[in-house]
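The tour below moves from one selection to the next.

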Amino acid sequence: MTTLTTAYRPAQIWLHWITVFGVIFQIAFHDAIVAVIDARQAGQTPTDSDMTSAMVHVSVGSIILLAVIARLYLRWRYGAPGHAAGTSAAQAMVANIMHKALYGLLFAMVVTGMLTWNDIAPLGDVHSGLNMALFFAALAHGFAAIFNQFVRKDGTLARMMPMLRKG
Ligand code: HEM
Ligand code: HEM
């Protein structure tokens, strides 16, 4: 991946955490949109309250899409910092693949969600399966950042959490 800089820009850091909280919100609040799709498939009218909560899922999902597009633009325009000192070629490769996979999964979640919501293709099961992949990939990614920061002490997490930076 491109390396033009020594640190993530504040906008890249904000957008990263907006995405993280957005994904946590989507995973926590999906019952209503599932109920709306179930009702539609059964030929019933969804309740107003489910419809409103479903719109929140769609809106937060759309914010995630905008955040991902903005992040990819910033990455293309300004690049991302090279890996921390002491990172082996194999570790760097795994991190690069993981970051690409996370971007890809976020996009795939939004696309499958939109196709299902707009009645273009019933991809709810794919959306649900991709969500599991995103969940475990993000968990592994978060653990790797914490491990590198506090065990290997290479400052990885501080890249996305400037308050951890020394000096
Ligand atoms: C990264 C963003 C997103 C995440 C993490 C997410 C997460 C989830 C989860 C966990 C479910 C429940 C799946 C299940 O039943 O096991 C769900 C359902 C659903 N989501 Fe999302 N979602 C995201 C974005 C979106 C977007 C942008 C839309 C539409 C514009 C959307 C539309 C839907 C629909 C229609 C369902 C119901 C699927 C069904 O029951 O067939 N989602 N979502
Ligand atoms: C839904 C959850 C998450 C997603 C989708 C996500 C996505 C990403 C992506 C795509 C990148 C690469 C940024 C780039 O170079 O353009 C990244 C970097 C990073 N993320 Fe996450 N992340 C998530 C959760 C977390 C969590 C929970 C932590 C910490 C506990 C974390 C810490 C970091 C750090 C430190 C970096 C910089 C890594 C480096 O430069 O080597 N992320 N994240």
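**First stop: ligand 1**

Select ligand 1: 23 residues surround it, and the closest are Q26, G61, G113, G124 and S128. A residue counts as near a molecule if its C-beta atom, placed from the backbone, lies within 6 Å of it. Now colour by element: α1, α2, α3, α4 and α5 each give two or more residues to this shell. Helix α4 gives the most, with seven residues. By class, the shell around ligand 1 holds 12 nonpolar, 11 polar and no charged residues. Here Ala, Val, Leu, Ile, Met, Phe, Trp, Tyr, Cys and Pro count as nonpolar, Asp, Glu, Lys and Arg as charged, and the others, Gly among them, as polar.

Before you go on, note that this is a predicted model: local features need pLDDT of at least 70, side-chain atom pairs count only at pLDDT 80 or more, and totals for chains, interfaces and linings use all residues. Residues are numbered from 1 along each chain as its sequence is written, while chains are lettered from A and ligands numbered from 1 in the order in which they are written.

**Second stop: ligand 2**

Select ligand 2. It is also surrounded by 23 residues, and V23, A80, H99, A138 and G142 are the closest. Show α1 (10-28), α3, α4 (89-117), α5 (124-150) and α6 (156-160): each supplies at least two residues of this shell. What classes of residue make up the shell around ligand 2? There are 13 nonpolar, seven polar and three charged residues.

**Zoom out: the whole protein**

Switch to cartoon. You have six helices and zero strands. Helices (H or I, at least four residues) and strands (E, at least two) are DSSP runs, numbered from the N terminus. The C-alpha trace spans about 60 × 25 × 25 Å along its principal axes. Of the 167 residues, 16% are buried. Buried requires 20 or more other C-beta atoms within 10 Å of the residue's own; exposed is 12 or fewer, and partly exposed lies in between, with C-beta atoms placed from the backbone.

Hide the rest and keep α4 and α5. They pack at an angle of about 155°, with their axes 9 Å apart. Axes are lines fitted to C-alpha atoms, for helices over the stretch in contact, and angles run from 0 to 180 degrees between N-to-C directions. The two helices are therefore roughly antiparallel (under 35 degrees is roughly parallel, over 145 roughly antiparallel, 65 to 115 roughly perpendicular and the rest oblique). Among the residues that meet are M98, A101 and L102 in α4, and L130, A133 and L134 in α5. By class, this contact has 12 nonpolar, seven polar and no charged residues.

Now show α2 (residues 31-41) and α3 (residues 48-78). Their packing angle is about 115°, and their axes are 7 Å apart. Select A32, I33, A35 and V36 of α2 with D50, M51, S53, A54 and H57 of α3: these make the contact. Contact means that the C-beta atoms of two residues, placed from the backbone, lie within 7 Å. Six nonpolar, two polar and one charged residues take part.

**Last stop: Q149**

Find Q149 in helix α5. Is Q149 buried or partly exposed? Q149 is partly exposed, because 19 other C-beta atoms lie within 10 Å. Q149 touches G155, T156, L157, A158 and L164, not counting residues up to four places away in sequence.
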